[in-house]
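User: I would like to go through this structure with you, one topic at a time. Please begin with whatever terms we need.

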Amino acid sequence: MSEGAPKVAIVMGSQSDWETMQNGAAVLEKLGVAHECRIVSAHRTPDRLVSFAKGAAAEGIQVIIAGAGGAAHLPGMVAAMTHLPVLGVPVQSKALKGMDSLLSIVQMPGGIPVGTLAIGAAGATNAALLAASILALSDPALSERLVAWRTAQTDSVAQRPV
Ligand code: RP5
């Protein structure tokens, strides 16, 4: 993990979500954004959820990325208990291919926002990039690293397929 107190928390409903959420952690690692990863289940560990969500701001967390699948209540319940920005990642479920996760996360009532990303790995990657963009607003060095990351991505796209 990057040095310093974590500014981004990546939480997920289950160990089985890590395969997806590790894509976000890898981006934060590359960008040098201090972060932590935790399993927090809205259904199996509700007390852990309350304690995490209510304590995150005081712990110095500035952005929360929450990933869950199926009846994906984690991002919304975290958002209900903190004013911090919450980015929701719908994890692809086996039964419904993540449509259940997406709809569970995106349809929040007005007043409690969750910024919802794409289903699966792309969503986890983009949640991390958005978290970095938010932090970069007040961190010029991170802003430079983010711009360099984007430039490298652009440069890596071949002109023609092989
Ligand atoms: C959700 O249920 C988790 O976020 C996970 O995506 C899904 C399945 O969890 P496991 O049964 O694999 O632990 O709470």
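Analyst: Helices and strands here are DSSP runs, numbered from the N terminus; a helix (H or I) has at least four residues and a strand (E) at least two. Please keep in mind that this is a predicted model.

User: Noted. Where does Arg 44 lie, then?

Analyst: Arg 44 is found in the loop that runs between strand 2 and helix 2.

User: Buried or exposed?

Analyst: Arg 44 counts as exposed, because its relative accessibility is 70%, and the cut-off for that class is over 50%.

User: Which residues does the UniProt "binding site" annotation cover?

Analyst: According to the unreviewed UniProt entry, the "binding site" annotation covers Ser 14, Asp 17 and Arg 44. Although they span 31 residues in sequence, no two of their C-alpha atoms are more than 14.2 Å apart, so they gather at one spot. The lining of the largest pocket includes Ser 14, Asp 17 and Arg 44.

User: And Asp 17, where is its place?

Analyst: Asp 17 sits in the loop between strand 1 and helix 1, the latter being residues 18-31. With a relative accessible area of 5%, Asp 17 is buried.

User: What is Asp 17 in contact with, leaving aside neighbours within four places in sequence?

Analyst: Its contacts are then Met 12, Gly 67, Ala 68, Gly 69 and Val 91.

User: Changing topic: how many salt bridges does the structure hold?

Analyst: There are two salt bridges. In one, Arg 38 pairs with Glu 36, with the closest N and O atoms 2.9 Å apart. In the other, the side chain of Arg 38 meets that of Glu 59, also at 2.9 Å from N to O.

User: Why does the pair of Arg 38 and Glu 59 tie separate parts together?

Analyst: Arg 38 belongs to strand 2 while Glu 59 is in the loop between helix 2 and strand 3, so the pair links parts that lie 21 residues apart in sequence. Through shared partners, Glu 36, Arg 38 and Glu 59 are joined into one network.

User: How accessible is each of the partners?

Analyst: Glu 36 is buried, at 16% relative accessible area. Arg 38 is partly exposed at 27%, and Glu 59 is partly exposed at 46%.

User: Now helix 2. Which of its residues are buried?

Analyst: Within helix 2 (residues 46-55), the buried residues are Leu 49, Phe 52, Ala 53 and Gly 55. Their cover includes strand 1 (8-12), strand 2 (35-39), strand 3 (63-69) and helix 3 (74-80).

User: Finally, where does UniProt place the "domain: PurE" feature?

Analyst: The unreviewed UniProt entry puts "domain: PurE" at residues 6-157. Over residues 6-157 the chain is 47% helix and 16% strand, with the end C-alpha atoms 32 Å apart.

Note on methods
Residues numbered from 1 in each chain as written. Predicted model: local features only at pLDDT ≥ 70, side-chain atom pairs only at ≥ 80, totals over all residues. Heavy atoms only, no water. Buried < 20%, exposed > 50% of the residue type's maximum accessible area, 1.4 Å probe, protein only. Contact = heavy atoms within 4.5 Å. UniProt positions renumbered as here; feature names shortened; annotations may be inferred. 1 Å grid on protein atoms, 1.4 Å probe; cavity = no way out; pocket = protein on both sides within 12 Å on 5 of 7 lines; lining within 4 Å. Salt bridge = Lys/Arg side-chain N within 4 Å of Asp/Glu carboxyl O.
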